[in-house]
Amino acid sequence: REREVEALVRWRHPVLGEISPARFIPAAERGGLMVQLGGWIIERSLSDLRRWPDVSLSINLSPLQLQQEGFAGFLTECCRMNGITANRLFLEVTESLSIERNARALLTLNLLRTLGFRIALDDFGTGYSSLCLLKTFRFDRLKLDRSLISDLETDPAAMAVLDAAVTMALRMGAEVVAEGISDAH
């Protein structure tokens with residue numbers, strides 16, 4: 001079976017210790033550094049992936065990267081330099097108003113998909129996006145947020161919502177990944 005990894009960035013500060021991405025990613029976005037940080041993550045991840053020929057990679061993208069002039073060219077060139085075909089990458093975008101209502105971001109996603117990159121909608125079910133986004137753009141994968149599965153054992157409504165989300169994704173031709181599975185149930 002195909003193996004896949006996800007690029008996750010971590011920051012070990014020499015004085016402050018481990019700093020959560022939940023803290024430094026929003027700070028990078030507010031400070032105008034997200035495009036630079038995202039570019040470094042892509043370059044580093046693809047350099048690592050070059051050593052793993054039978055592995056696919058998921059990379060999270062910021063809406064700011066999708067709005068950047070020339071982003072598709074940058075990503076394509078990074079892949080070329082590392083000898084990686086586009087179909088080995090899943091580009092993950094989160095449900096966010098800035099993607100759904102940003103024509104440039106959607107155009108960039110369409111271009112990337114046309115170039116052979118696979119596109120995943122991450123954190124599906126967190127409530128930031130309407131179902132219209134799923135009609136507007138065909139995602140290759142829906143990653144269901146862990147909140148959709150956290151109380152399956154105790155809440156019948158949770159099972160109904162999960163069942164509806166999985167059925168919808170599969171009927172649209174998307175793979176489904178459920179995040180946060182930690183036990184047999």
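1. In the protein chain, residues 24 or more positions apart account for 70% of the contacts with a separation of 6 or more, a contact being heavy atoms within 4.5 Å. The model is a predicted one, in which local features need pLDDT of at least 70 and side-chain atom pairs count only at pLDDT 80 or more, while totals for chains, interfaces and linings use all residues. Residues are numbered from 1 along each chain as its sequence is written, and side-chain values use heavy atoms, with hydrogens and water left out.

2. On overall dimensions, the C-alpha atoms of the protein chain fill a box of roughly 50 × 45 × 35 Å along the principal axes. Of the 185 residues in the protein chain, 41% are buried, that is, under 20% relative accessible area with a 1.4 Å probe and protein chains only.

3. Not counting residues up to four places away in sequence, L46 touches L57, I59, L75, C78, C79, N82, I84 and L89.

4. A point worth checking is R88, which is buried yet has no salt bridge, the nearest side chain of opposite charge, D54, being 7.2 Å away; a salt bridge would need a side-chain nitrogen of Lys or Arg within 4 Å of a carboxyl oxygen of Asp or Glu. A polar atom of the R88 side chain does lie 2.6 Å from the backbone oxygen of W52.

Notes:
Buried < 20%, exposed > 50% of the residue type's maximum accessible area, 1.4 Å probe, protein only. Lys, Arg positive; Asp, Glu negative; His and termini not counted. Polar contact = N/O pair within 3.5 Å; in protein donor to acceptor, adjacent residues only side chain to side chain.
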